[in-house]
Amino acid sequence: MIIDEAFAGSAVDFVSTIRRRTRGRIQQMPIIICVRADEKIVRAARDAGVYEMVAKPVTAESMRLRLREIVLRPRPFIRANLYVGPCRRRRKELKLLVSERRGAMKAKGPDPFNPTLKPTPQKR
């Protein structure tokens, strides 16, 4: 689901409602929110359980990168007393995950989200 921060008055409230009042696939669906680069809004969206954020003005490239994150690096879903949503700790593991993903991408072939990239030959 992709929503704008101004959706129905408050996208953050909408996301929070989805995360806390539903169950199953709907509760766990990835939600991307388009927001201004404002720390207060970004923190509120993260705490509500937004999966990814795209800074305004939204470009095709920025949206492509967020969608790619969802597909290539899915995050575990957390259900706790004070938080329901995707794990927020992914950035601490970024270096390890990037190196693993690059190795996997080389082995599998071209990037499915950017068909202009060719697979990189592996050195032996």
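**Salt bridges and helix packing**

Glu52 counts as buried, at 3% relative accessibility. In this predicted model, Glu52 forms a salt bridge with Arg66, and the closest N and O atoms are 2.7 Å apart. The pair links distant parts of the chain, with Glu52 in strand 3 and Arg66 in helix 4, 14 residues apart. Arg66 also counts as buried, at 17% relative accessibility, because the cut-off for this class is under 20% relative accessible area.

The count of salt bridges comes to nine. One of them joins the side chains of Asp4 and Lys56, at 2.8 Å from N to O. Here too distant parts of the chain are linked: Asp4 lies in strand 1 (residues 2-4) and Lys56 in the loop between strand 3 (52-55) and helix 4 (60-72), 52 residues apart. Asp4 is partly exposed, with a relative accessible area of 30%, and Lys56 is partly exposed at 33%. Arg46 is partly exposed, at 32% relative accessibility, as is Asp47, at 38%.

The axes of helix 1 (residues 11-21) and helix 3 (residues 39-48) come within 8 Å and cross at roughly 15°. The two helices are therefore roughly parallel to each other, and the crossing of helix 1 and helix 3 is left-handed. In this contact, Val12, Val15, Ser16 and Arg19 of helix 1 meet Ala44, Ala45 and Ala48 of helix 3. By class, the contact has five nonpolar residues, one polar and one charged.

Notes. Residues numbered from 1 in each chain as written. Predicted model: local features only at pLDDT ≥ 70, side-chain atom pairs only at ≥ 80, totals over all residues. Heavy atoms only, no water. Axes fitted to C-alpha atoms, helices over the stretch in contact; angles between N-to-C directions. Helix = DSSP H or I, 4+ residues; strand = E, 2+ residues; numbered from the N terminus. Parallel < 35°, antiparallel > 145°, perpendicular 65-115°, else oblique. Left-handed = near helix turned anticlockwise from the far one by under 90°. Contact = heavy atoms within 4.5 Å. Nonpolar A, V, L, I, M, F, W, Y, C, P; charged D, E, K, R; others polar. Salt bridge = Lys/Arg side-chain N within 4 Å of Asp/Glu carboxyl O. Buried < 20%, exposed > 50% of the residue type's maximum accessible area, 1.4 Å probe, protein only.
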